[in-house]
Amino acid sequence: MSKDNLKFLEKKLNYYFKNKSLLEKALTHSSFANENKMKSYESNERLEYLGDAVLGLVIGEYFYKNFPEDNEGSLTKMRAESVNEKVLFFISKKLDLGEYIKFGKGEIKSGGRNRKSTSADALEALFGAIYLDSNFENIKKIILNLFQEFLEKDSYKLFNIDFKTKFQEEAQKSGKKAEYKLVKEEGPDNDKIFFTELYLDDVLLGRGKGKTKKESQQEAAKDAFKRSGKIV
């Protein structure tokens with residue numbers, strides 16, 4: 001990944017690094033470091049550790065200040081659900097972060113570029129890098145902007161719904177049969193996109209796509225609920 005291409009990522013973040021080596025390190029997966037005989041500390045793992053702490057503090061402080069009547073248990077749950085792997089992966093996809101990460105050849109072949117945990121870890125490493133490159137107030141502003149839709153009370157609940165299970169429960173209540181049909185696949189084996197349609201007693205109710213068959217089914221169920229107006 002050239003330095004010129006990294007400018008696109010900086011533009012999406014609305015932050016431009018003074019120390020470009022921090023940005024490059026945040027995007028260096030351990031597999032790339034290993035294959036290129038680099039030291040272990042030259043990968044993004046240490047930055048991920050720091051970014052995880054920074055993210056937890058920013059989100060924790062936000063909930064503490066904005067929900068003064070919630071107890072410790074409630075605040076802890078909101079923070080945990082708002083920064084889990086699923087949310088981090090969702091945000092990393094909006095940034096196209098996977099396209100900027102440097103992987104080893106073996107990791108690419110095994111589908112590492114599409115692995116949720118890898119993108120989530122890189123996002124945390126990116127937060128750690130920005131914190132070191134600037135200050136707490138800058139990274140706080142960036143994080144709150146990226147996580148905005150997850151910061152309203154209970155907003156994380158909708159994002160973390162298992163739509164497929166919920167749809168199956170609704171279908172059973174009505175005595176109807178839910179069926180997922182894989183309609184097509186696109187892309188090479190290590191970067192496939194699956195397209196699924198959801199039917200209820202042969203009536204098309206939703207469509208979805210995803211990096212895995214399971215993800216495309218979840219999206220189809222989510223689409224069905226949105227169309228029905230039961231979940232918005």
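Which residue forms a salt bridge with Glu-197, and how far apart are the closest N and O atoms? The points below begin with that pair.

1. Glu-197 forms its salt bridge with Arg-207, and the closest N and O atoms of the two lie 3.3 Å apart; a salt bridge here is a side-chain nitrogen of Lys or Arg within 4 Å of a carboxyl oxygen of Asp or Glu. The pair links distant parts of the chain, since Glu-197 sits in strand β2 (residues 193-200) and Arg-207 in strand β3 (residues 203-210), 10 residues apart. Helices (H or I, at least four residues) and strands (E, at least two) are DSSP runs, numbered from the N terminus. Glu-197 counts as buried because its relative accessibility is 14%, whereas Arg-207, at 45%, is partly exposed; buried means under 20% relative accessible area, exposed over 50%, and partly exposed in between, with a 1.4 Å probe and protein chains only.

2. A word on the basis of these values: this is a predicted model, in which local features need pLDDT of at least 70 and side-chain atom pairs count only at pLDDT 80 or more, while totals for chains, interfaces and linings use all residues. Residues are numbered from 1 along each chain as its sequence is written, and side-chain values use heavy atoms, with hydrogens and water left out.

3. Across the whole structure, a search finds 13 salt bridges. One of them joins the side chains of Glu-107 and Arg-115, with an N to O distance of 2.4 Å; Glu-107 is buried, its relative accessibility being 16%, while Arg-115 is partly exposed at 30%.

4. Another salt bridge pairs Lys-173 with Glu-170, whose closest N and O atoms are 3.8 Å apart. Both residues belong to helix α11 (residues 163-174), and because they are 3 residues apart there, about one helical turn separates them. Lys-173 is exposed, with 68% relative accessibility, and Glu-170 is partly exposed, with a relative accessible area of 26%.

5. Helix α11 itself has 12 residues and reaches 17 Å from its first C-alpha to its last, which is close to the 16 Å expected at 1.5 Å a residue; the expected span is 1.5 Å times one less than the number of residues. Phe-163, Phe-167 and Ala-171 are buried in α11. Seen down the axis of α11, its buried residues fall within an arc of 70°, so they line one face of the helix; the arc is that of the directions from the helix axis to the C-beta atoms. Gln-172 and Lys-173 are exposed on the other side of α11. The residue that follows α11 is Gly-175, whose phi is positive, near 75°.

6. Which residues does the UniProt annotation "active site" cover? According to the unreviewed UniProt entry, the annotation covers Asp-52 and Glu-124; UniProt positions are given in the numbering used here, feature names are shortened, and annotations may be inferred rather than shown by experiment. Although the two are spread over 73 residues of sequence, they cluster in space, with a largest C-alpha distance of 5.5 Å. Not counting residues up to four places away in sequence, Glu-124 touches Leu-47, Glu-48, Gly-51, Asp-52, Leu-55 and Leu-88, where contact means heavy atoms within 4.5 Å.

7. Two backbone angles deserve a remark. Most residues other than glycine have a negative phi. Asn-14, however, has a positive phi of about 60° although it is not a glycine; Asn-14 is found in the loop between α1 (3-13) and α2 (20-26), and is exposed, with a relative accessible area of 63%. Asp-96 likewise has a positive phi, near 55°; Asp-96 lies in the loop between α6 (85-94) and α7 (105-109) and counts as partly exposed at 39% relative accessibility.

8. The last point concerns Ser-82, which lies in helix α5 (residues 72-82). Ser-82 is buried, with a relative accessible area of 0%, and the side chain of Ser-82 reaches the backbone oxygen of Met-78 at 2.7 Å.

Terms used
A polar contact is a pair of N or O atoms within 3.5 Å; within protein, one must be able to donate a hydrogen and the other to accept it, and residues adjacent in sequence count only if both atoms are side-chain atoms.
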